[in-house]
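Visitor: I have a sequence and a structure to look over. Could you walk me through them?

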Amino acid sequence: MLKEKVAVITGGSRGIGRCIAKKFAQNHANVALIATKDGEEIRNAVKELSSLGITAKAYFANVADMDEMENVAASIIKDFGRVDVLVNNAGITKDNLLMSMKRDEIDAVIDVNLKGCMYSTKAFLRNFLKQKSGNVINISSVVGMMGNKGQTNYSASKAGIIGFTKSLAKEYGKKNLRANAIAPGYIETSMTEVLSDEVKDAIKKEIVLGRLGKPEDVADLALFLASDMSSYITGEVIKVDGGMYV
């Protein structure tokens with residue numbers, strides 16, 4: 001489905017990002033992973049992807065630093081020759097009630113989640129325009145659409161990604177660049193592992209399907225959006241939340 005395509009995934013060493021990378025590799029895409037730093041997680045991810053018979057490499061940059069993203073994008077394009085799909089998945093949480101939220105808890109989440117998405121896209125934009133094709137998939141969140149107590153910073157960053165995605169689609173659609181966003185609900189990752197069973201049970205009661213999602217649920221949609229099967233879809237925000245926000 002993605003044969004001969006090159007995909008770049010930020011935050012691809014674990015969780016949803018790693019699952020998307022694996023799904024892409026299983027469908028014959030070559031994959032470049034961008035992580036903040038070297039370590040066992042990213043090395044294992046590259047090893048797993050390479051075992052699937054594709055080319056996989058790790059790169060290191062802070063997505064919240066525009067210069068670092070420009071440099072790492074140049075390295076990836078030099079190594080792979082082109083980039084067809086960019087998945088902006090890198091994200092963090094620093095939950096707190098707004099009254100108690102510290103400046104760092106606001107700045108860090110906005111810098112990584114929203115600015116990181118914008119800087120990463122900007123870094124690869126010239127490549128997309130030069131080759132007259134490109135596909136950007138931004139990982140937002142359902143709380144960017146509905147809000148969530150204790151997550152004003154996170155919700156704002158994810159809502160910003162939605163606005164950014166729609167604007168990007170309008171700016172460059174005539175240049176054959178597509179941009180879409182995925183808005184996951186509660187997915188079984190390290191972010192939800194810290195929740196107590198009581199909290200998880202309460203969340204499940206708010207979900208139409210009565211369960212948390214799996215990273216594969218998001219990865220399957222990312223594969224569809226990355227493929228030519230979605231060639232007439234752009235500027236969309238698609239929820240993967242089991243019906244939590246209907």
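Visitor: Let's start at A64. Is A64 buried, exposed or partly exposed?
Guide: This is a predicted model, so every value here is computed from it. A64 has a relative accessible area of 22%. Buried means under 20%, and exposed means over 50%. The value falls in between, so A64 is partly exposed.

Visitor: Where does A64 sit, and which residues does A64 contact beyond its neighbours within four places in sequence?
Guide: A64 is in the loop between β3 (56–60) and α3 (66–80). Neighbours within four places in sequence are set aside here. The contacts of A64 are then D111, V112, G116 and Y119.

Visitor: How far apart in space are A64 and S230?
Guide: Along the sequence, 166 residues separate A64 and S230. The distance in space is taken from C-alpha to C-alpha. It comes to 29 Å.

Visitor: Now A56. Is A56 buried or exposed?
Guide: A56 is found in strand β3. Its relative accessible area is 11%. The cut-off for buried is under 20%. A56 is therefore buried.

Visitor: Which helix holds A45, and is A45 buried or exposed?
Guide: A45 belongs to helix α2, residues 40–50. Its relative accessibility is 1%. Under 20% means buried.

Visitor: What is the relative accessible area of V218?
Guide: V218 lies in helix α9, residues 215–226. V218 counts as buried, because its relative accessible area is 0%.

Visitor: On to the backbone. What is phi for E4, and where is E4 placed?
Guide: Most residues other than glycine have a negative phi. E4 is not a glycine, yet its phi is positive. E4 sits in the segment before β1 (6–10). Its phi is about 70°.

Visitor: Is E4 buried or exposed?
Guide: The relative accessible area of E4 is 65%. Exposed means over 50%. E4 is therefore exposed.

Visitor: What about N176: where is N176, and is N176 buried, exposed or partly exposed?
Guide: N176 lies in the loop between α6 (152–172) and β6 (177–184). Phi of N176 is also positive, near 70°, in a residue other than glycine. Its relative accessibility is 46%. That is between the 20% and 50% cut-offs, so N176 is partly exposed.

Visitor: Which residues are closest to the centre of the second largest pocket?
Guide: The second largest pocket holds about 190 Å³ of space. It is lined by 13 residues. The lining divides into two nonpolar, six polar and five charged residues. Closest to the centre of the second largest pocket are K5, S133, G134, N135 and D228.

Visitor: Step back to the whole chain. What is its radius of gyration?
Guide: The protein chain has nine helices and seven strands. For 246 residues, the globule rule gives 18 Å. The chain comes close to that, so it is as compact as a globular protein of that length. Its radius of gyration is 17 Å.

Visitor: What share of the contacts in the protein chain joins residues 24 or more positions apart?
Guide: Buried residues make up 48% of the 246 residues. For contacts, take those with a separation of 6 or more. Residues 24 or more positions apart account for 73% of them.

Technical notes. Residues are numbered from 1 along each chain as its sequence is written. This is a predicted model: local features need pLDDT of at least 70, side-chain atom pairs count only at pLDDT 80 or more; totals for chains, interfaces and linings use all residues. Side-chain values use heavy atoms; hydrogens and water are left out. On a 1 Å grid over the protein atoms alone, a cavity is a set of points where a 1.4 Å probe fits but cannot get out, and a pocket is an open set with protein on both sides within 12 Å along at least five of seven lines; lining residues have an atom within 4 Å of a point. Grid points are joined across faces, edges and corners, and a volume is the space filled by probe spheres set on the points. Ala, Val, Leu, Ile, Met, Phe, Trp, Tyr, Cys and Pro count as nonpolar, Asp, Glu, Lys and Arg as charged, and the others, Gly among them, as polar. Helices (H or I, at least four residues) and strands (E, at least two) are DSSP runs, numbered from the N terminus. Buried means under 20% relative accessible area, exposed over 50%, partly exposed in between (1.4 Å probe, protein chains only). The radius of gyration is taken over C-alpha atoms; the globule rule is 2.2 Å times the number of residues to the power 0.38. Contact means heavy atoms within 4.5 Å.
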